[in-house]
Amino acid sequence: MIKKFIKRILGGNKKAENPHQPVVLGPQEHGINPQLLSSHAVRVTQTLQENGFKAFVVGGAVRDLLLGVKPKDFDVATNATPEQVKRLFRRAFIIGKRFQIVHVMFGQEIIEVTTFRGASADAAPKDEHGRVLRDNTFGEQHEDAVRRDFTINAMYYDPAAQTVLDYHNGIADIRNKTLRIIGAPEARYREDPVRLLRVVRFAAKLGFTIDSATREPIQVMAPLINNVPAARVFDEMLKLLMSGHALACLQQLRKEGLHHGLLPLLDVVLEQPLGEKFVTLALENTDERVRQGKGVSPGFLFASLLWHQVLEKWNAYKAAGEFPIPALHLAADDVLNTQTEKLALQRRIATDMRDIWAMQPRFERRTGKSPYKLLEHPRMRAGYDFLLLRCESGELDAELGQWWTDFIAADGPGREELLARKPRAEGDASAPKKRRRRGGRSKNKAAPVEGSAT
């Protein structure tokens, strides 16, 4: 009996005997805490089941539940078609071109509902590299399990029966902390190259070891990522960086040879002592905020990752005779234009990045009304946090960061005392002596450029 129980817990040989029949684990075997479930996800599965359809919580949510972690997102898989799902919920929207899914909305929470996919994508339209372009072939649950990427993401949980259905020994891989792709790795990566990035993200986030067969083709097939639409690459990179394990993910990317083209020149930055320390501090700061449940700004994160590229170009433009503020804008343009081609940075995020970068010279002006005006900037907090990173990494004198910390915390008289104590910072980008080199006309000409960043 004990051997039979252990065999069932670890997945047994049921999959090998009949791949159409899953191992079924009850509450005592899987140990999922129902309190970790989203009430809205339960409502979606219940509504579908009451209308005669199969419905399960699926994918990463089940993986996290088995690990005792409250999932951030919940996906539901069903044998109902997108149109049938849409008719059952008041706020439901069919989206997706490559594969249609339904977003069922409950306030701010979105439950993503997918129809079981068919087993074969052979007839689906593909590009010249084998990447599937559209695939709206529906099928049975066991076929859907085959189509999922990793064994740990191919389990189905029924909240009503409190059972887990495991088709590919995912429960065993979770307990052995192994990340294993379903099917032939080369074919699965070619089918959707984003899986190359997902391997890295899951391995770093979960602390799992990548199965040798899953890992072997990664470096050879890495160039396939260049064929993926930039928007999809950006979405995956954002998930990676906002996972709470961003530093580990980037280190894993470099280890697997997947970083080339995603963040150009990142290797160069990380080979420079100041650049490596700055990026490391920024990622550690982001990871800590995610772990504490605090919000993280994608604009701040990407501004941090790309800062030393901006800094290098900024210094080059100043050396060529440009005024500091216009030089900074030119440097930002160069870096953002390069990155947009690869990552499809959204305009809102790029705007936040520009604001954070453009504020940095203004922190060096500690005289007159300038500090008060900077306090009113809508991105002041992000710019200030960015300044502290620069100070902590050794790029700037720590005194500058401390002065601003004191200035922000002080009352009116305290702020006036601080301004009187430090009439002007050395190296102030706005110092008249730097502007007089090119005459008064240039000084007046440069002023509006600075104002456009505020």
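Predicted model: local features only at pLDDT ≥ 70, side-chain atom pairs only at ≥ 80, totals over all residues.
Residues are numbered from 1 along each chain as its sequence is written, and side-chain values use heavy atoms, with hydrogens and water left out.

The protein chain has 25 helices and ten strands, where helices (H or I, at least four residues) and strands (E, at least two) are DSSP runs numbered from the N terminus. Of the 454 residues in the protein chain, 51% are buried, a term that denotes under 20% relative accessible area, with exposed meaning over 50% and partly exposed in between (1.4 Å probe, protein chains only). Among the contacts in the protein chain with a separation of 6 or more, 67% are accounted for by residues 24 or more positions apart, contact meaning heavy atoms within 4.5 Å.

In soluble globular proteins, nonpolar side chains tend to be buried together. The largest nonpolar core has 95 residues, of which F302 and W357 touch the most other members; a nonpolar core is a set of buried Ala, Val, Leu, Ile, Met, Phe, Trp, Tyr and Cys residues joined through side-chain atoms within 4.5 Å. Helix α17 (residues 298–319) gives the most to this core, contributing ten residues. Another core, of 15 residues, lies apart from it and includes F363, M380, W403 and L418.

Several helix pairs were examined through their axes, which are lines fitted to C-alpha atoms, for helices over the stretch in contact, with angles running from 0 to 180 degrees between N-to-C directions. Helix α13 (residues 230–241) packs against α14 at an angle of about 125°, with the axes 8 Å apart, and α13 is therefore oblique to α14, given that angles under 35 degrees count as roughly parallel, over 145 as roughly antiparallel, 65 to 115 as roughly perpendicular and the rest as oblique. This contact involves M237, L240 and L241 of α13 together with A246, C249, L250 and L253 of α14. Its residues divide into seven nonpolar, no polar and no charged, where Ala, Val, Leu, Ile, Met, Phe, Trp, Tyr, Cys and Pro count as nonpolar, Asp, Glu, Lys and Arg as charged, and the others, Gly among them, as polar.

Helix α14 (residues 246–256) also meets helix α16 (residues 273–291), their axes coming within 8 Å and crossing at roughly 130°, so that α14 and α16 are oblique to each other. Here A246, L247 and L250 of α14 touch T280, L283, E284 and D287 of α16, a set that divides into four nonpolar, one polar and two charged residues.

The axes of helix α21 (residues 380–392) and helix α22 (residues 398–409) come within 8 Å and cross at roughly 150°, and these helices are therefore roughly antiparallel. The contact is formed by M380, Y384, L387, L388 and C391 of α21 with A398, L400, G401, W404, T405 and I408 of α22, and its residues comprise nine nonpolar, two polar and no charged.

Two individual residues complete the description. R415 lies in helix α23 (residues 412–421) and, leaving aside neighbours within four places in sequence, is in contact with Y372, L375, F407, I408 and A410. R415 and Y372 are 43 residues apart in sequence and 9.2 Å apart in space, C-alpha to C-alpha. D64, found in helix α5 (residues 60–66), counts as buried because its relative accessibility is 10%; with the corresponding sequence neighbours within four places left aside, D64 is in contact with V69 and P71.
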